[in-house]
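Please keep the sequence and the 3D view open side by side as you read.

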Amino acid sequence: MPLPIFLLLCLLGFFAIMSSTASKSPTLPLYAEYLDLNPFEIGLVAAASTITGIFVNFSAGILSDIYGRKKLLVVSGFVFMTAPFLYPFVSNAWGLAAVRVYHGIATATFVPVTTALIADLYPSKKGSMMGLFSTARTLGRLIAPTLAGIIIYTYSFHLTYITCGVLGTIAFMLVAFLPSSYKPPKAKILEEGGLVDKPFTGYVFGVLLTLGLIEASTYFAMQSIETFLPLYNVKFAENPWLIGLIFTLQLSIIALLKPVMGTISDKVGRIPIIVLGALTSTIGMILLSLFPSILAIIFSIMVFATGVSMSTAATAPLATELLGEKAHGTAIGTLETIKDIGQASGPIVVGLIASKTTYNYAFLIVAFIELVALTIAIVTFKSFRKMKYNA
């Protein structure tokens, strides 16, 4: 397929995710505080869009399998464009949560549908192309907090959300340039015995759920780090720029390595990269829990991010291969739904553990959860290969 289509998708991902991220980081908690919301209400608002994703990801994926990718991306782009302009009109927790639920539809639709579209377009090198697309989105995510922070500090929340709306509008306009013809043929998605005509269909879904478990445990850990690492070392309170630098380092490693890991998974297979990546991120979490000094934290985050880049570069391509070309959207939607459950529950579980013990112990529990997920995955993958299913 022509390269300009992929470049268009990367630009679309860059602007869409920049718009979405700037609306919440660091804007959302600051705006919620400006509206006099209490900590519980702020937590509720922050969780609203992720909870939306749990329900929307799968629905968007399966609908895109039936009606085509572009129609769903038009819906997503419309929400990216309109949602930011609603924030200035809310004045309480429920209003802000409602806007976040609406805004969450955009990303929850966008990610599985665009990922499925890349699987449609590049069947022989989906790992590398998905990795590059993820990097384009991550660049938008890296720029967004600084951009939003500068506008808030210099001007106002309202101008910040207007800027997010402009970025979302650019994303919506880019969707219009996507060709309508690149979509999988309509298929009877829900057939007796499974979604697609594959051998061992029930077992295939077991592997798909296992991939979701790996992603859920990974993002459980990532969201826990993002939420509680600033409180892990007292020096972060004295030097807030340092924690920002560490988070930038983490995202930069993932952005740089994910395309490389995706390309490797195209050549050597998905399963070895997933297992090695999950093991590496688990080691990173163990190191983080045991050694709370600044240098040790930086090294632990580097190890963790390397593992994340490996496992997440291979899970989505393998998911699309499991269900076949007529159900790419269903596969990615299922994966994203399970991932969002882990991402949403991470801060809640870790916060509860940390409130009763310490952050060291809480991070060690996170590492244990990752290790359990990895063990389940290894057992499942071994059984899967014994059945001679070509993953």
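F133 touches F6, L9, C10, G13, F110, T114 and I118, leaving out residues up to four places away in sequence; contact here means heavy atoms within 4.5 Å. You will find F133 in helix α6, where helices are DSSP runs of H or I with at least four residues, strands are runs of E with at least two, and both are numbered from the N terminus. F133 has a relative accessible area of 1%, so it is buried. That word stands for under 20% relative accessible area, while exposed stands for over 50% and partly exposed for what lies in between, using a 1.4 Å probe and protein chains only. For a sense of distance, pick Y102: it is 31 residues from F133 in sequence, and the two C-alpha atoms are 24 Å apart in space.

Before going further, a word on what you are looking at: this is a predicted model, in which local features need pLDDT of at least 70 and side-chain atom pairs count only at pLDDT 80 or more, whereas totals for chains, interfaces and linings use all residues. Residues are numbered from 1 along each chain as its sequence is written, and side-chain values use heavy atoms, with hydrogens and water left out.

Stay on helix α6, which spans residues 126-154, and look at S128. S128 has a relative accessibility of 11% and therefore counts as buried. Setting aside neighbours within four places in sequence, its contacts are P259, G262, T263 and D266.

How does α6 meet α5? Their axes come within 9 Å and cross at roughly 145°. Such axes are lines fitted to C-alpha atoms, for helices over the stretch in contact, and the angles run from 0 to 180 degrees between N-to-C directions. The crossing of α5 past α6 is right-handed; this means that the near helix is turned clockwise from the far one by less than a right angle, and left-handed means anticlockwise. On the α5 side the contact is made by F110, V111, T114, T115, I118 and A119, and on the α6 side by K126, M129, M130, F133 and R137. By class, there are seven nonpolar, two polar and two charged residues. In this scheme Ala, Val, Leu, Ile, Met, Phe, Trp, Tyr, Cys and Pro are nonpolar, Asp, Glu, Lys and Arg are charged, and the others, Gly among them, are polar.

Now follow α5 to another partner, helix α4 (residues 69-82): the axes of α4 and α5 come within 8 Å and cross at roughly 145°. This crossing is left-handed. From α4 the contact takes in R69, L72, L73, S76, F78, V79, F80 and T82, and from α5 Y102, H103, I105, A106, T107, T109, F110, V113, T114, A116, L117 and D120. These residues divide into twelve nonpolar, six polar and two charged.

Helix α5 (residues 93-121) also packs against helix α13 (residues 328-356), at an angle of about 140° and with the axes 8 Å apart. That angle makes α5 oblique to α13, since under 35 degrees counts as roughly parallel, over 145 as roughly antiparallel, 65 to 115 as roughly perpendicular and the rest as oblique. α5 passes α13 in a right-handed crossing. Here V111, P112, T115, A116, A119 and D120 of α5 meet H328, G329, I332, G333 and E336 of α13.

Beyond residues up to four places away in sequence, A108 touches G53, V56, N57 and A60.

Finally, turn to helix α2 (residues 27-34), whose buried residues are T27, L28, Y31 and A32. They cover an arc of only 125° around the axis, so they lie on the same side of α2; the arc is that of the directions from the helix axis to the C-beta atoms. An α-helix has 3.6 residues a turn, so residues three or four places apart point the same way. In the loop between α1 (3-22) and α2 sits P26, and a cis peptide bond with omega of about 0° joins S25 and P26. In the loop between α2 and α3 (39-67) you will find D36, which has a positive phi of about 70° although it is not a glycine. D36 is exposed, with a relative accessible area of 67%.
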